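Let's take a walk through this protein chain together, from its overall layout to its core and then out to its surface. Have the sequence and the 3D view at hand as you read.

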Amino acid sequence: MDLLVKIISILCLFVALRVSAIDPPVILPESSMFVLSASLRLTCPTPGTTIYYTLDGSDPSEDSLSISQNNNLIIDTQGKYVLKAKAFKGEVSSIITAKNVTVLHRIISPEIVLLKSKKNRNSNFIGDVLIQLSCHEQL
């Protein structure tokens with residue numbers, strides 16, 4: 001009889017833990033580098049949750065900024081950000097989802113230097129071609 005009580009207690013605990021679990025937020029798109037502005041969709045597969053987020057790398061709480069399900073978060077200021085999001089439903093919360101985001105003020109054009117090549121009579125490259133790409137601006 002004691003074994004049966006223990007099994008029922010364990011099953012009840014498992015069900016209670018599963019019921020209280022909240023899926024972590026999803027941040028889309030997967031891309032992390034944007035030009036001029038970033039449009040990020042924050043969603044949570046668990047219905048009825050509120051998503052709270054930060055952009056400075058700190059852990060979100062219910063005192064952080066919030067966003068409604070399936071709405072876009074727009075970041076239109078140049079810089080590097082650490083977006084962290086956490087879903088809450090009542091007193092239960094999810095684990096944190098994090099994403100590094102970089103917003104550039106313009107597209108940076110690289111300098112291309114041809115280091116090694118061979119051309120035939122028609123000026124077509126033949127064999128291996130070695131180039132160097134470099135960027136003189138900081139991201």
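**From fold to surface**

The chain contains one helix and 11 strands. This is a predicted model, and its order along the sequence reads α-β-β-β-β-β-β-β-β-β-β-β. Among contacts in the chain with a separation of 6 or more, 56% join residues 24 or more positions apart.

Now let's look inside. Of the chain's 139 residues, 26% count as buried. The largest nonpolar core has 18 residues, and the members that touch the most others are Leu40, Leu42, Ile75, Leu83 and Val101. Two or more core residues come from each of strands S3 (38-43), S4 (50-54), S6 (72-75), S7 (79-89) and S9 (97-104). S7 gives the largest share, four residues.

What about the outside? The accessible surface of the chain comes to about 9,900 Å², and 56% of that belongs to carbon and sulfur atoms. One nonpolar surface patch, of about 580 Å², is made by Ile112, Leu114, Phe125, Val129, Ile131 and Leu133. Strands S10 (111-119) and S11 (125-134) each supply at least two of the patch residues, with S11 giving the most, four.

Finally, find leucine 114 in strand S10. Is leucine 114 buried or partly exposed? Leucine 114 counts as partly exposed because its relative accessible area is 46%, and the partly exposed class lies between under 20% for buried and over 50% for exposed.

Note on methods. Residues are numbered from 1 along each chain as its sequence is written. This is a predicted model: local features need pLDDT of at least 70, side-chain atom pairs count only at pLDDT 80 or more; totals for chains, interfaces and linings use all residues. Side-chain values use heavy atoms; hydrogens and water are left out. A nonpolar core is a set of buried Ala, Val, Leu, Ile, Met, Phe, Trp, Tyr and Cys residues joined through side-chain atoms within 4.5 Å. Buried means under 20% relative accessible area, exposed over 50%, partly exposed in between (1.4 Å probe, protein chains only). Patches are made of residues with over 30% relative accessible area and no salt bridge: like charges are joined within 9 Å, nonpolar side chains (Val, Leu, Ile, Met, Phe, Trp, Tyr) within 5 Å. Accessible areas come from the Shrake-Rupley method with a 1.4 Å probe; for residues, only the protein chains shown count as cover. A salt bridge is a side-chain nitrogen of Lys or Arg within 4 Å of a carboxyl oxygen of Asp or Glu. Contact means heavy atoms within 4.5 Å.
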